[in-house]
Amino acid sequence: MMSADKLNLLNFSAPRIRLLHLSWIAFFITFVVWFSHAPLMGHLREAFDLTTEQVKALLILNVALTIPSRVIIGSLVDRYGPRKVFGSLLIISAFPCWAFAMSTTFEQLAITRLLLGFVGAGFVVGIRLIGEWFPANEVGLAEGVYGGWGNFGSAAAAITLPTVAMMFGGDDGWRWAIASTGLIALLYGLVFLWRARNTPKGSSYFKPKRSAALEVSTKRDLYFYLAMSVPLYAALLVIVWRLGPSNLALFGTTPQYVLIALILALGIVQIGQAWRVNREHLKEGVDEHDRYSFKQVAILDLSYLVTFGSELAVVSMLPLFFADTFGLEPVMAGLLASGYAFMNLAARPGGGWLSDKFGRKKSLIILLAGLMVGYGLMSQIGSTWPVALAVIATMCCSFFVQAGEGAVFATVPLIKRRLTGQIAGMVGAYGNTGAVIFLTVLTFVDPSTFFLVIAASAAVALAAVQFLDEPKGHIAEIDEKGEVQLIKVG
């Protein structure tokens, strides 16, 4: 069996390498579609005469549905398999993308942009798929390549779509640019359905006994799971508050109350399902070989809240931060800030590789500590700093952030194979929840305090990671013949 540092990403004769490239490209396309509006916001603002509040509302709407959709997609992946779910998601995403491109009013822009938040859940699918195809000593690097290279789709959209809009030309150039991303998604979705396979030849695809909610192993873990579900709905309530009459005024008081009631109802239904599924599941008794500790999931939730949550938040505010701090032109500030996202190409695979090489827990501890110090350093950046030094400090911090993301998802597939989609969905949703929390904090404090809040959150996650159990030995799953299969995880 290959060691992690000998994984040859150019060995296209190996089925698992072909599958890895097929998967990260699918994820890359979902991010191009999801963030297609961002680099064209200037065109949108001009075409629809948007106010600053309306622009902010569109940015928030873009991520609002991603929190519940990552949980939903995780369940669907475990139940139906990654091939069908990823292929279908790509094909379906083309339609709200085209509807956004054809919008004639701000209301249409808002609704279609909200729906497009669902495509942001595509990331979860590949986590289960890569976990099926790669052994434990390679899975960290493979998941890191998948996450890092796929995540670059947002930067690729920023680099290419303004040029595509210019090539089409005219007032509707932006429409054609965004619509083209939908066409690419649809065509690639068909390719994915044709070429992808859920598992290597001869391997079983393990499904959860019940997919309505995540199965846990003990009553204590059930209460822990229910408690960890609450922040996801709290984040949705914060989004409604941000879009409501006292903030961005996207809608009035009555729609706000309706949305709050819907979110609370959704939360009650989901928590009720979790209780019902697990009460029956626990009543039957969980065999010793079939148990896993929910503590592992909760720790990874907090770690991803700090890593990916801070990345989304910082990417949103960094161009303006550089422009205001150093008096830079918007184009130059955007260019310097883009270095933060560019680190994804190497940093996220690097974090996965470190996990494979030196252990999951140790790597996550080191990377979270580096992230904490990095944000502490960024809180000190001021106008007296040389711009080059500020950019270097930002890039160093960015490395620890994105390598930390890689380390989190190097561990996710090693907890419980048949539940990997649901676990990845919950961890991924916590990343978006982190972004909502940090961006909300930013509305009340200055950038320096904002960076310190992230550093303090990293300290909490770092303390939690001390209780993470290093995956070792095997996890057991029951195949379709009713036989116990052992999967090596360490």
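1. Arg418 is buried in this predicted model, with a relative accessible area of 6%. The cut-off for that word is a relative accessible area under 20%. Arg418 forms a salt bridge with Asp290, and the closest N and O atoms of the two are 2.8 Å apart. Asp290 sits in the loop between H12 and H13, while Arg418 sits in the loop between helix H17 (387-411) and helix H18 (420-442), so this pair ties together parts that are 128 residues apart in sequence.

2. Lys209 belongs to the loop between helix H10 (173-195) and helix H11 (219-243), and Asp290 to the loop between helix H12 (253-284) and helix H13 (294-326), so the pair ties together parts that are 81 residues apart in sequence. Are Lys209 and Asp290 buried or exposed? Lys209 counts as exposed, at 52% relative accessibility, whereas Asp290 is buried, with a relative accessible area of 5%.

3. These bridges belong to a network. Which residues do salt bridges with shared partners join here? The network consists of Lys209, Glu215, Asp290, Lys416 and Arg418. In the structure, the count of salt bridges comes to 13.

4. Another salt bridge involves Glu138 and Arg16, whose side chains meet at 3.1 Å, N to O. Glu138 is in helix H8 and Arg16 is in helix H1, so the pair ties together parts that are 122 residues apart in sequence. Glu138 counts as buried, at 1% relative accessibility.

5. A search of the whole structure finds 28 aromatic pairs. In one of them, the rings of Trp24 and Trp149 have centres 5.4 Å apart and planes at 85°, so the pair is edge-to-face. The reasoning rests on a cut-off: planes over 60 degrees apart count as edge-to-face. Trp24 is found in helix H1 (residues 15-34) and Trp149 in helix H8 (residues 136-151), so the pair ties together parts that are 125 residues apart in sequence. Trp24 is buried, with a relative accessible area of 18%; Trp149 is partly exposed, with a value of 24%.

6. A further aromatic pair is made by Phe399 and Phe400. Their ring centres are 5.5 Å apart and their planes are at 80°, so this pair is edge-to-face. Phe399 is partly exposed, with a relative accessible area of 29%. Phe400 also counts as partly exposed, at 25% relative accessibility.

7. Which residues form one aromatic cluster? The members are Phe27, Phe31, Trp34, Phe35, Phe123, Tyr146, Tyr304, Phe308 and Phe409.

8. Two arginines lie over ring faces. Arg128 is over the face of Tyr205, at 4.1 Å from the ring centre. Arg195 is over the face of Trp194, at 5.1 Å from the ring centre.

9. Ala136 lies in helix H8 and is buried, with a relative accessible area of 13%. What does Ala136 contact, leaving aside its neighbours within four places in sequence? Its contacts are Asp356, Arg360, Leu414, Lys488, Val489 and Gly490. Ala136 and Gly490 are 354 residues apart in sequence, yet their C-alpha atoms are 6.3 Å apart in space.

10. Leu76 is part of helix H4 (residues 66-80). Leu76 is partly exposed, with a relative accessible area of 32%.

11. Two backbone angles deserve a look. Asp49 is not a glycine, but has a positive phi of about 50°. Asp49 is located in the loop between helix H2 (41-48) and helix H3 (52-64) and is exposed, with a relative accessible area of 65%. Ala249, likewise not a glycine, has a positive phi of about 55°. Ala249 is in the loop between H11 and H12 and counts as partly exposed, at 49% relative accessibility.

Note on methods. Residues are numbered from 1 along each chain as its sequence is written. This is a predicted model: local features need pLDDT of at least 70, side-chain atom pairs count only at pLDDT 80 or more; totals for chains, interfaces and linings use all residues. Side-chain values use heavy atoms; hydrogens and water are left out. Rings of Phe, Tyr and Trp (its six-membered ring) pair if their centres lie within 6.5 Å; planes under 30 degrees apart count as stacked, over 60 as edge-to-face and the rest as tilted. Helices (H or I, at least four residues) and strands (E, at least two) are DSSP runs, numbered from the N terminus. Buried means under 20% relative accessible area, exposed over 50%, partly exposed in between (1.4 Å probe, protein chains only). A charge sits over a ring if NZ of Lys or CZ of Arg is within 6 Å of the ring centre and within 35 degrees of the ring normal. Contact means heavy atoms within 4.5 Å. A salt bridge is a side-chain nitrogen of Lys or Arg within 4 Å of a carboxyl oxygen of Asp or Glu.
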